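Me: I would like to learn how to read a model like this one. Can we go through it feature by feature?

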Amino acid sequence: MMLLRMFLMQTKMNFVWYFRRDGEMMFWTLAMPVFFLVLFSFAFSTGPNSGSAKFLVPGIIGAQVLSSGFWGVGVMLATFREKHLLRRVYLTPMPPWVFFGSLVLYRMVLLAAQAVILVAAGALLFHVRITGNPLEILAILLLGTATFISLGTIIGALARTTESANNIASILTVPLAFLSDAYVPIDRFPHAVSSALRLLPSTQFIDTFRDVSTYGAPLAHYGAWIGLLVLWAIAGTLISARTFRWV
Amino acid sequence: MRACKVQRARAVQPPKPECGIRGHTTVEQAIVVEQLVKRYGDFAAVDGISFSVARGTIFGLLGRNGAGKTTTLECCIGLGKPTSGSVRVLGLDPTRPRDLARMRPRIGVQLQATSLPEKANVREVLELYAAYYGIASRAAEMAERVGLGDKLDRQIAQMSGGEQQRLALALALQHDPDVLFLDEPTAGMDAFGRRILWTEVERLRDAGKSIVLTTHYIEEAERLSDRICVIQRGTIVAEAPPAELVARYGGDATVSIVAGGFVPGEALAALGTWTNAGAKWTLATRGEPGLALATVVTRANAMGAKITSLDMHRPTLEDAFIAVTGETIGEAE
């Protein structure tokens with residue numbers, strides 16, 4: 001009961017402090033993905049009714065999962081450390097899982113909101129339909145979120161300053177989004193390159209998520225990718241847990 | 001460095017059991033630090049410090065910035081791992097995770113740097129910290145206690161440094177801990193904040209709490225501490241109750257007088273050592289300078305010497321500090 005109260009209040013405060021009272025954050029979270037959808041669908045396709053929005057909606061949601069992990073959790077943790085927030089809460093009886101869990105839940109709620117907005121925008125503007133099994137879509141989305149949050153936490157654990165965390169996150173997120181089938185189909189690259197890019201967890205996740213959601217493929221066909229994502233998530237969690245510092 | 005035994009300063013303590021029983025509530029020494037060393041590379045921030053803090057007393061760590069006060073305190077609360085030596089707080093070892101977990105609910109800490117989310121307001125922070133400790137929120141009461149009663153909805157970013165420090169104090173106190181660690185608690189505070197904090201700290205001590213505070217304010221150390229430990233370059237250079245530090249290291253009190261025709265003579269020789277520079281006579285005495293002053297004035301009057309200037313200086317803690325460290329605390333603020 002005591003832990004539940006702690007967990008819920010921390011989650012609520014994350015939402016109030018880092019989202020509701022931060023206009024810039026609200027804008028980036030809620031409006032930018034839709035802006036990307038519109039921009040890229042015109043930039044990369046012949047017209048609104050081509051297949052590109054069907055490609056882009058899950059792609060952008062996938063890119064948001066990436067940046068959620070790298071920025072929303074990784075850079076956020078580095079900022080918390082630099083501002084001495086971490087050392088302050090470390091002195092209280094709050095268990096670490098409450099702190100991380102509430103941060104993860106907060107990011108998941110935001111991701112869910114982003115996904116809903118993008119799906120709605122896709123449906124209204126480009127007639128994109130989600131045809132896959134909702135439970136399977138949710139499952140792969142949760143797995144991807146877990147993977148990238150655990151990988152993002154490594155940034156938060158290793159970066160000494162907010163600035164370096166920011167740089168690492170930028171270096172990772174921007175190229176990854178463009179090289180992982182999020183905005184641009186990697187089939188356009190030479191075969192050797194696209195094969196290499198499929199080794200990235202981001203490509204594995206975004207491809208699977210797209211095929212399952214807008215292309216209606218069964219998740220069972222992606223056992224190998226799922227297995228790899230699980231491994232990435234476990235590796236990320238282990239490395240984070242080993243390297244994380246409160247002070 | 002020798003281990004300094006601390007006398008019991010208050011009468012209301014339980015009879016002494018063996019020191020260091022893990023987590024035992026009747027451990028007489030709230031904190032025992034032995035031969036603490038903390039190195040960063042080649043630099044020893046703390047270089048063999050030993051002291052103990054009796055229950056229900058205020059222990060002041062006095063020294064310049066960078067003397068090792070904060071590092072010592074961090075080692076006591078589990079924020080820093082000693083390179084060598086040992087620390088016990090309520091009989092618990094903060095380097096052991098299980099002990100640290102048992103320690104946390106029983107200690108309250110006010111850190112030097114503000115460490116709260118900018119967009120949070122006073123009420124929310126107090127409520128969240130109440131949840132951390134599994135206690136009912138006392139936000140309004142706590143805010144009132146630190147003079148923030150009318151600022152419950154104020155966001156951290158809009159508060160002055162002193163107000164943030166007072167909130168930090170409220171967070172350290174809300175769960176009613178047995179031991180308090182205050183790191184430069186009044187740095188950047190105005191006179192109002194200082195008075196609130198000082199009154200609160202004294203009230204807590206009288207309620208039986210044990211308090212460690214670091215400060216580079218002589219006045220603060222002197223007013224609050226039952227014992228003061230002067231730290232310089234990572235070592236303890238003196239440790240005693242403030243009055244004893246002054247008596248031991250502060251040097252002589254002086255009385256000086258300028259009066260036409262005045263000479264101390266035989267009658268005043270017993271008071272101490274007289275020196276003169278021109279018309280000004282100065283007495284250095286170990287005794288009570290107020291009484292010496294009265295005697296000097298009586299003698300001057302009896303001699304018919306007309307007094308034009310009269311001064312008295314009692315040795316202060318600052319004099320003692322300078323005597324033991326060879327430097328002033330030296331920070332203009």
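**Burial, strands and contact**

Reply: B:Glu184 counts as buried because it has 23 C-beta neighbours inside 10 Å. The cut-offs: buried means 20 or more other C-beta atoms within 10 Å of a residue's own, exposed means 12 or fewer, and partly exposed is in between, with C-beta atoms placed from the backbone. This is a predicted model: local features need pLDDT of at least 70, side-chain atom pairs count only at pLDDT 80 or more, and totals for chains, interfaces and linings use all residues. Residues are numbered from 1 along each chain as its sequence is written, while chains are lettered from A and ligands numbered from 1 in the order in which they are written.

Me: Where does B:Glu184 lie?

Reply: In the loop between β6 and α6 of chain B. Helices (H or I, at least four residues) and strands (E, at least two) are DSSP runs, numbered from the N terminus. B:Glu184 is not a glycine, yet its phi is positive, about 45°.

Me: Is B:Arg233 partly exposed or buried?

Reply: Partly exposed, because 15 other C-beta atoms lie within 10 Å. B:Arg233 also has a positive phi of about 45° without being a glycine. Its loop runs between β8 (227-232) and β9 (235-240) of chain B.

Me: How many residues of strand β7 of chain B are buried?

Reply: Start with the general idea. In a regular strand, side chains alternate between the two faces of the sheet. Now the case here. In β7(B), residues 210-215, six of six are buried. One side carries B:Ser210, B:Val212 and B:Thr214; the other carries B:Ile211, B:Leu213 and B:Thr215. Both faces are covered.

Me: Which strands pair with β7(B)?

Reply: Strands pair if DSSP finds at least two bridges between them. β3(B), residues 58-62, runs parallel to β7(B), with five bridges. There, B:Ile58 has B:Ile211 as its bridge partner. β6(B), residues 179-183, is also parallel to β7(B) and joined by five bridges. B:Phe181 stands opposite B:Val212. From β6(B) the chain passes through helix α6 (191-206) to β7(B), a right-handed β-α-β crossover. Right-handed means that, with the strands pointing away from the viewer, the path from the first strand over the helix to the second runs clockwise.

Me: How many residues does each chain bring to the contact?

Reply: Contact means C-beta atoms, placed from the backbone, within 7 Å. Chain A gives 19 residues and chain B gives 19. On the side of chain A, α1(A) supplies the largest share, seven residues.

Conventions:
Two residues are in contact if their C-beta atoms, placed from the backbone, lie within 7 Å.
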